[in-house]
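This briefing concerns a single protein model and is arranged by topic. Please keep the sequence and the structure in view while reading.

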Amino acid sequence: MHDPRVLLDPATDAARKLARRGFTLDTASLEALLVARNAAIGRGDDARGESKRVATSVKGASPQERPALVERARELKGVISAAEEEHRTLEARLQELLLGIPNLPSDDLPDGTSDADAELIRTWGDPGACAGTTDHVDLGEKLGILDLPRATKLAGPRFAVLRGRGAKLERALARYFLDLAEQHGYTEFSVPTLVNATTMTGTGQLPKFEQDLFRTGVGERDLYLIPTAEVPLTNLHARETLSLEDLPLAYTAHTPCFRSEAGSYGRDTRGLVRLHEFSKVELVRIVDPARSREELELLLGHAEACLQGLDLAYRVVKLAAGDIGFSAEFTYDIEVWLPGQQAFREIASASDFGVFQARRAGIRTRAKDGTRGLAATLNSSGLPIGRTLVAVLEQGQQPDGSVRVPPALVPYTGFDVLEPG
């Protein structure tokens, strides 16, 4: 969320920046609401001030003066009540408008609106070293570790069942990623996967993306299934003030994630790439805004280490201004090579949100000299288990139909190869 005064400040150049991501800022409506809200606040304050003076005057007034003063006090009470009601109404409308405005994209991002406009930063590994081009679904079925028909029987399309060594490999990946995160200084949390609307609003999922969420309830409470552990991890410090010298904070969690994938039907319907339910290890950093871009590079390195440790070929791209997420101001995508598709596919996004989420969630900072501000928040997958499993299967396939398990996972699995049957 934004400070409306900052959005209207010509020095911010908000309209131009938002236009780069395809969003038209209605400055006239924003300014009109802000002026009207401030006027209502002013009327209420003026009336309250006069009401205090009238109350003081009543005490020393003569019998002849008192009736008029009492009547004026009644009038002022009505003015105050009307001003407060108008203030509440206008504040709600202003907040609704502000909650729908995405973050301002960094000027460092390239122009464009799709992945075709992304800027290549670097590649790692050799995609040409893969021994085959069979996709993970065929591999998983031949190996006897993936059962999509039974998943569909249980829950419908876009769910998966892993069995035997497949389930063990899935668990091994999560443990490996959590151990890596701990080595990089992240504190592991176990967090709720059901959260309230305030929590979803804090990180930007609501109100913009309500159609993408699974909603449920407990009694009279509305709750949402989290699309990523970023939501509860970031909001751990909602409406708190953090000491600036205690930053950065580095948090991680392994959770199930739930996404309706509204609007994505027809894309990636085969296999594990785009599911309604999947698990993921998330990396979240809460930092001093002055260091957010340095912290993003550090976070990106931590996410890349997950793939490098598994010897999986990938590349890093800088997303175009019109292709970053609603809450982000700068995003790197990590794209892993999938031989079955003969393409690089996104496996993680490392994003700097600036103070956008902190303003929505109320995550404030205080320096030693008493100066107050807002924290910056960052997050990246570290990594999604399903998509990583896809890459492990496809990049590890051998000419005899077996799949080589990355050596880093063998201590967690107890086996180094997956064989047909």
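Leaving aside its neighbours within four places in sequence, with which residues is L307 in contact? They are W124, L312, Y314, I334, V336, I347 and L383, where contact means heavy atoms within 4.5 Å. The model is predicted, so local features need pLDDT of at least 70 and side-chain atom pairs count only at pLDDT 80 or more, whereas totals for chains, interfaces and linings use all residues. Residues are numbered from 1 along each chain as its sequence is written, and side-chain values use heavy atoms, with hydrogens and water left out.

**Nonpolar cores**

- A nonpolar core is a set of buried Ala, Val, Leu, Ile, Met, Phe, Trp, Tyr and Cys residues joined through side-chain atoms within 4.5 Å; buried means under 20% relative accessible area, exposed over 50%, and partly exposed in between (1.4 Å probe, protein chains only).
- The largest such core has 63 residues, and those with the most contacts inside it are F177, L307, I334, L393 and L418.
- Helix α7 supplies the largest share of this core, nine residues.
- A second, separate core of 16 residues includes A229, L233, L247 and L374.

- Helices (H or I, at least four residues) and strands (E, at least two) are DSSP runs, numbered from the N terminus.
- Helix α7 covers residues 165-183, and its 19 residues should span 27 Å at 1.5 Å a residue, which agrees with the 26 Å between its end C-alpha atoms; the expected span is 1.5 Å times one less than the number of residues.
- Among the buried residues of α7 are L169, L173, F177 and L180.
- G185, which follows α7, has a positive phi, near 95°.
- In helix α12 (residues 385-395), eleven of the eleven residues are buried, including R387 and E394.

**Salt bridges**

- The structure holds 30 salt bridges, each a side-chain nitrogen of Lys or Arg within 4 Å of a carboxyl oxygen of Asp or Glu.
- R72 pairs with E50, the closest N and O atoms being 2.9 Å apart; R72 lies in helix α4 (residues 66-99) and E50 in helix α3 (residues 27-60), so the pair ties together parts that are 22 residues apart in sequence.
- Both members of that pair count as partly exposed, R72 at 30% relative accessibility and E50 at 23%.
- R274 and E261 meet in a salt bridge at 3.3 Å, N to O, and each counts as buried, R274 at 13% relative accessibility and E261 at 13%.
- E346 and R387 form a salt bridge at 3.5 Å, N to O; this pair links distant parts of the chain, with E346 in strand β13 (residues 343-352) and R387 in helix α12, 41 residues apart.
- One network, joined by salt bridges that share partners, contains D108, R293, E329 and D352.

**Cysteines**

- A search of the whole structure finds zero disulfides, a disulfide being a pair of cysteine sulfur atoms within 2.5 Å.
- The sulfur of C130 is 19 Å from the closest cysteine sulfur, in C306, which is too far for a bond.
- C306 is likewise in no disulfide, and its nearest cysteine sulfur, that of C257, is 15 Å away.
- C130 is buried, with a relative accessible area of 17%, and C306 is buried, with 2%.

**The loop at P289**

- P289 lies in the loop between β10 (277-287) and α10 (292-309) and counts as partly exposed, at 32% relative accessibility.
- Leaving aside its neighbours within four places in sequence, P289 is in contact with V355, L374, A375 and A376.
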